[in-house]
Amino acid sequence: MKASPQGAGGRGRRAELIRAAYERIATGGFEGLRTRDVAADVGVNVATLHYHFPTKEALVRAVVGYALSRFVSTLAGEGTPWEQLRAHLQGIRRLIREEPQLPAVMSELAMRANRDPALAELMNGADQAWHAWLTGLLAGDPAAAGKATVVMSTLRGLFVVPSTGQPERVDQALTALEAMLGT
């Protein structure tokens with residue numbers, strides 16, 4: 001009997017398709033994203049891909065969700081605000097070191113969002129939530145909103161500029177950011 005897309009097998013296949021599309025975007029950008037290739041990477045036909053994702057845009061939205069979930073994994077919910085901020089910055093260090101595809105995907109998403117209003121809306125929503133979280137952590141500082149923007153800009157820059165082969169620059173930037181924040 002065939003597994004339902006809502007069942008465990010379907011969720012697994014859906015996750016495989018998202019990850020394959022993520023890898024395709026990381027290596028070939030949106031120009032290299034073909035649904036037939038994504039389906040082939042997972043070992044299914046394109047009809048199965050479209051069963052899970054009716055449109056290419058739906059697949060891209062799922063990739064956005066996956067990429068953003070990687071960042072959410074760096075947000076600590078426990079500890080003092082400074083401990084949470086330090087954990088976030090350490091998590092970003094880890095992501096850049098351990099998931100070299102993520103900067104490429106985030107760069108592609110940022111560029112595409114400039115031309116895709118629906119994607120821009122998703123990315124802006126995530127940015128607003130991130131900014132609010134950072135501002136809340138820095139709440140005792142009169143410049144909290146500005147510092148939150150500096151943190152976001154610095155971290156975004158680390159993901160847009162290729163950091164492969166230059167881990168010392170990532171560490172330098174994050175160490176300087178930590179010093180600026182007084183963490």
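This is a predicted model: local features need pLDDT of at least 70, side-chain atom pairs count only at pLDDT 80 or more; totals for chains, interfaces and linings use all residues.
Is L59 buried or exposed? L59 is buried, with a relative accessible area of 0% (buried means under 20%, exposed over 50% and partly exposed in between, with a 1.4 Å probe and protein chains only). Residues are numbered from 1 along each chain as its sequence is written, and side-chain values use heavy atoms, leaving out hydrogens and water.

View 1. Helices here are DSSP runs of H or I with at least four residues, numbered from the N terminus. Setting aside neighbours within four places in sequence, L59 is in contact (heavy atoms within 4.5 Å) with L17, I18, A21, T35, V38, L49 and F53.

**View 2. Helix α5 (residues 81-98) packed with helix α8 (residues 144-160).** Their axes, lines fitted to C-alpha atoms over the stretch in contact, are 11 Å apart at an angle of about 5°; angles run from 0 to 180 degrees between N-to-C directions. The two helices are therefore roughly parallel (under 35 degrees). On the α5 side, H88, L89, I92, L95 and I96 meet L155, L158 and F159 of α8. These contact residues divide into seven nonpolar, one polar and no charged.

**View 3. E178 in helix α9 (residues 167-181).** E178 is buried, with a relative accessible area of 17%. Its side chain makes a polar contact with the side chain of R93, at 3.1 Å (a pair of N or O atoms within 3.5 Å, one able to donate a hydrogen and the other to accept it).

Definitions and conventions. Angles under 35 degrees count as roughly parallel, over 145 as roughly antiparallel, 65 to 115 as roughly perpendicular and the rest as oblique. Ala, Val, Leu, Ile, Met, Phe, Trp, Tyr, Cys and Pro count as nonpolar, Asp, Glu, Lys and Arg as charged, and the others, Gly among them, as polar.
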